[in-house]
Amino acid sequence: MTEDSSNTSAATAPANNTNEAEKTSAIEPIRLPTIEEVRGQDIWNNCAVRSVASGIMGGGLGLAMGLFLGALDNPIQQDTMTGRQLFVYTAKQMGGRSWNSCKAFAVMGLVFSAAECVVEKARAKHDITNTAIAGCVTGGAISAKTGGPKGACFGCAGFAAFSVVIEKFLDRHE
Amino acid sequence: MAANNNMPTALDKEQIFGMAEKEMEYRVELFNNLTQTCFAKCVEKRYKESELNMGENSCIDRCVSKYWQVTNLVGQLLGSGRPPM
């Protein structure tokens, strides 16, 4: 390709050569990050910021899920209620359920992210075991309230396995 | 430093320049060794993303801190009259 373009005419040869040179040397020089960029990236290294952000995202997800599941809930006395009563009932159901699930998912996201951040900083390695340990802590914390120690063990194992599967699924897609 | 005994006692520009050059070479060598050691130790060979994640960040922090401490310590020991160990 280079031979043909440079042999066509003398007038266009220099322009073509510079184009080839520009294409081959399109590598930019190394540019060190500015202090604002370093600070912007450093924000995400802070465990508190990360866990709060994860908590907010979990809360949003919980809101959406609760709204969706609450809308599917049908009242028992469906025939005797008027349309407006049905609407009010469904709206209350949706609101209540979405708030509950928002809280639950926010706590789950916060605890998981905080645990993973702390463990990864302590181990100084980026592994799948960080995810497993964080999942165990989250599952154990959530199940310990209702199940006691045995429930905490099962919750730990279950949530750890779940989070490892999700992490592997996400990694494969990257 | 054996050349100092043959030269006059007043330090001239060339001697200072030679010392500065040696110092610069030492610093550059130190930096290169530091980055190579800590990169080989902390960063995985398979690159999954372009930015340093948190584990690698804290690993590099620790590696550089230790390397710097050891360098200073060994330099002090070597420069302080060489006690027999």
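Analyst: The term to know at the start is pLDDT, the predictor's confidence in each residue, from 0 to 100. This is a predicted model, in which local features need pLDDT of at least 70 and side-chain atom pairs count only at pLDDT 80 or more, while totals for chains, interfaces and linings use all residues. Residues are numbered from 1 along each chain as its sequence is written, chains are lettered from A and ligands numbered from 1 in the order written, and side-chain values use heavy atoms, without hydrogens and water.

User: What is the mean pLDDT of chain B, and which helix has the highest confidence there?

Analyst: The mean for chain B is 87, with 84% of its residues at 70 or more. Among its helices (DSSP runs of H or I, at least four residues, numbered from the N terminus), helix 1 of chain B, residues 3-6, is lowest at a mean of 54, whereas the highest, at 95, is helix 2 of chain B.

User: Which element of chain A has the lowest mean pLDDT?

Analyst: Chain A has a mean pLDDT of 83, and 81% of its residues reach 70 or more. Its highest mean, 93, belongs to helix 6 (residues 128-173), and its lowest, 45, to helix 1 of chain A.

User: How much area do chain A and chain B bury between them?

Analyst: The contact takes eleven residues from chain A and nine from chain B. On the chain A side, A:Asn45, A:Ala124 and A:His126 supply 50% of the area that chain A buries against chain B. Of the total (accessible area, 1.4 Å probe, lost on being put together and summed over both), 51% is on carbon and sulfur atoms, and the total is about 870 Å².

Note on methods: Helices (H or I, at least four residues) and strands (E, at least two) are DSSP runs, numbered from the N terminus. Contact means heavy atoms within 4.5 Å. Buried area is the accessible area (1.4 Å probe) that two parts lose on being put together, summed over both.
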